[in-house]
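Hi,

Here is the structure I promised to pass on.

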Amino acid sequence: MTEWLNVILQGVLIGGLYAMFAAGLSLIFGVMRLVNIAHGDLIVLAAYVALMVTQTLGLDPLTSLLLVVPAMALIGYALQRLLLNRTLGDDLLPPLLVTFGLSIIIQNGLLELFTADSRKLQAGAIEVQTFQMMEGVWVGALPLIQFIVAVAVIAGLQMLFYRTALGRAFRATSDDQAVAQLMGLDTRHVFAMAMALSLAVVAIAGVFLAVRANFDPSIGPARLIFGFEAVIIGGLGSMWGTLAGGVILGVSQAVGAQIDPGWQLLAGHLAFLAILAVRPQGLFPKVSG
Amino acid sequence: MTKTISRRTLVKTGIGAIAAPAMFGALPAQAQTATIKIGHVSPKTGPLAGFGEADNFILEQVRGILSKGLVNGGKTYKVEIISKDSQSSASRASEVASELILGDKVNLIVGSATPDTTNPVADQAEINEVPCITTNCPWQPYFFGRKGDPKKGFTWTYHFFWGLEDVIGSFLALWDTLPTNKVVGGLFPNDADGNAWGDKERGLPPALAAAGYKLLDPGRYQVMNNDFTAQISAFKAAGAEIVTGNMIPPDFATFWSQAAQQGFKPKIVTIGKALLFPSVIESLGERGNGLTSEVWWTPNHPYKSGLTGQGCKDLTEAYTKATNRPWTQPIGFQHALFEVAIDVLKRAKNPTDPKAILDSIIATNYESIVGKVQWTGQPVKNVTKTALVAGQWQRKNGKSELVIAENKTAPNIPMGGKLLPIS
């Protein structure tokens, strides 16, 4: 019994990581209907930025977030303003293709710069710190921090969306771009801010991923699928839904693995398909199609 | 406009016609500088890029040696090596191999690193009847992965590396040096290597059982796994003191930090593939100390290159000097692959004829930088084996060093130290 409890708990904690992968995706899809195929590679890019920061300044990975998050946000703003804004239009395909190309460019650029070496961020003793909740149920310090940060990020995004002028601008552009423009909103700037915010979340996700496990230039796409699934389960454009999606995915994978490790990913995909079949709009949809 | 033959054209053509016999006369001389083309496929980008990392260094070295040409039977041939990137994908490897064979018309094709490269390259060579030499992939995934029949074997494709039985032998010999409860947790992914290692008939399970070890195999997991809780709780419940398997570095790192977070502390952790590269061990920090792995090749191996005369240490030092990077185990095999290819071409009766090259491969008896390469029909017709031992990453003066901790399986390779339990 406690064994199952432990497995489910670890699944929930990993759900936080999936939610962070997904939040950025959900955000930009919600605001500008852009499916960012390069999202996974941007997570890896953030990990490399963090690697450079920790190595040159000797900072702790978690402290390095103070630099990595603004740096990635800046990259996001520039990326949207200079490149992706030009691809947006009535057709979904051009941005899809451009981000696909971006994914390949980032992977090979990182390979040239950093070689194929497997890297990891060193967080020191906190990596292995753990406490025993009860007999057989262990909670690692790092997964717990990761989950708390994920919840904080989601809560922060939700606040931003519904309580601030920027959030209003996001929602307005999302609802009707033409009218938002008539009301004096510069949609190019709004989109760029959304991408900046998305990459700020990506930066946090990237650092946690890089502390958890090794990374190399090619791992981005493999991590992306869970982000997409969490977005779909939770419902497009909904922040709390994204967290719920991440947790559902994490727990179903954990339960699947407990039955047989071969079923781990399958169980996650099945949960995803089941929800897609029963509620195609996701659990808490904010945007329709 | 009608074409009329001007006096000038007539004169030019006439001269050409007079000169023609002289040109035909020159043909044999041209044959002396004929070009032999070697096609090479390896992963230079993608998840397997670590295996192809030394390629540029090795290719530069080999091309330097071949710049004077290759002498065979008194004739000097020009040798051109065309190297292509498999992008770590089996379908891409197959595509570039077919380009090399059909487009570039290579005389010999060589390939290296994991079943994802060796198998599609060898398959293309076999279909198109081009001689092929591969390395750097355990022989079972190479041979049985290509649906090889031990009774018949393949015609055009040959391979040198070690096999699972060597891994099992050296892992067991390593574990025997420490007292444990002999309960082993197995981590096998659902990929070519993982399925071969965990195979109930040919893999680790029967061999470990025969040696008195109890192997706990929770089942195949998907690569790029985010959660090993299920496996860790199973190992903890069974009281496993040894963990083994075949993993990729990101999966091992995930497993290893989760193991610590879940309070699982095995005495010995011996993992294939993930722990080969010094960069991976460095990335694990303190937690990399004491991990154990199979060892194919080190600078301390007692072999010499027949091509450059370099010893193993000379080669790795040259590599470190040229690239400013630590040595890795594939370097020796990348070098040996070209050594063997050049030796084969030197001995071939006609180094541009596929059948003659094949005969020469079959007759190979060569001392390379990874040891002797000679296809004797053991373990199967198309495979010959190189030595395999096991080693432990030990921290010495703040740097991780791979220390050979077991040489029962290949006593000619010197021991570097004793196996220490993970503290």
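How many residues does the contact take from chain B and from chain A? It takes 35 from chain B and 38 from chain A, where two residues are in contact if their C-beta atoms, placed from the backbone, lie within 7 Å.

Some housekeeping: this is a predicted model, where local features need pLDDT of at least 70 and side-chain atom pairs count only at pLDDT 80 or more, while totals for chains, interfaces and linings use all residues. Residues are numbered from 1 along each chain as its sequence is written, with chains lettered from A and ligands numbered from 1 in the order in which they are written.

Back to the side of chain B that touches chain A. Helix 11 (249-261) of chain B is among the helices that each supply at least two residues, and helix 11 gives the most, with 7 residues. Helices here are DSSP runs (H or I, at least four residues), numbered from the N terminus. By class, that side of chain B has 13 nonpolar, 19 polar and 3 charged residues; Ala, Val, Leu, Ile, Met, Phe, Trp, Tyr, Cys and Pro count as nonpolar, Asp, Glu, Lys and Arg as charged, and the others, Gly among them, as polar.

Now the core. The largest nonpolar core has 219 residues, and A46(A) and V207(A) have the most contacts inside it. Such a core is a set of buried Ala, Val, Leu, Ile, Met, Phe, Trp, Tyr and Cys residues joined through C-beta atoms within 7 Å, and buried means that 20 or more other C-beta atoms lie within 10 Å of a residue's own. Helix 8 (residues 187-212) of chain A brings the largest share of this core, 20 residues. Leaving aside residues up to four places away in sequence, A46(A) touches V68(A), M72(A), V202(A), A203(A), G206(A) and V207(A).

Chain B has domain 1 (32-162 + 300-384) and domain 2 (165-295 + 388-406), with bounds from an automatic or database domain assignment. Their centres, taken over C-alpha atoms, are 30 Å apart, and 9 residues of domain 1 are in contact with 9 residues of domain 2.

Cheers

Terms used
A residue is buried if 20 or more other C-beta atoms lie within 10 Å of its own, exposed if 12 or fewer, and partly exposed in between; C-beta atoms are placed from the backbone.
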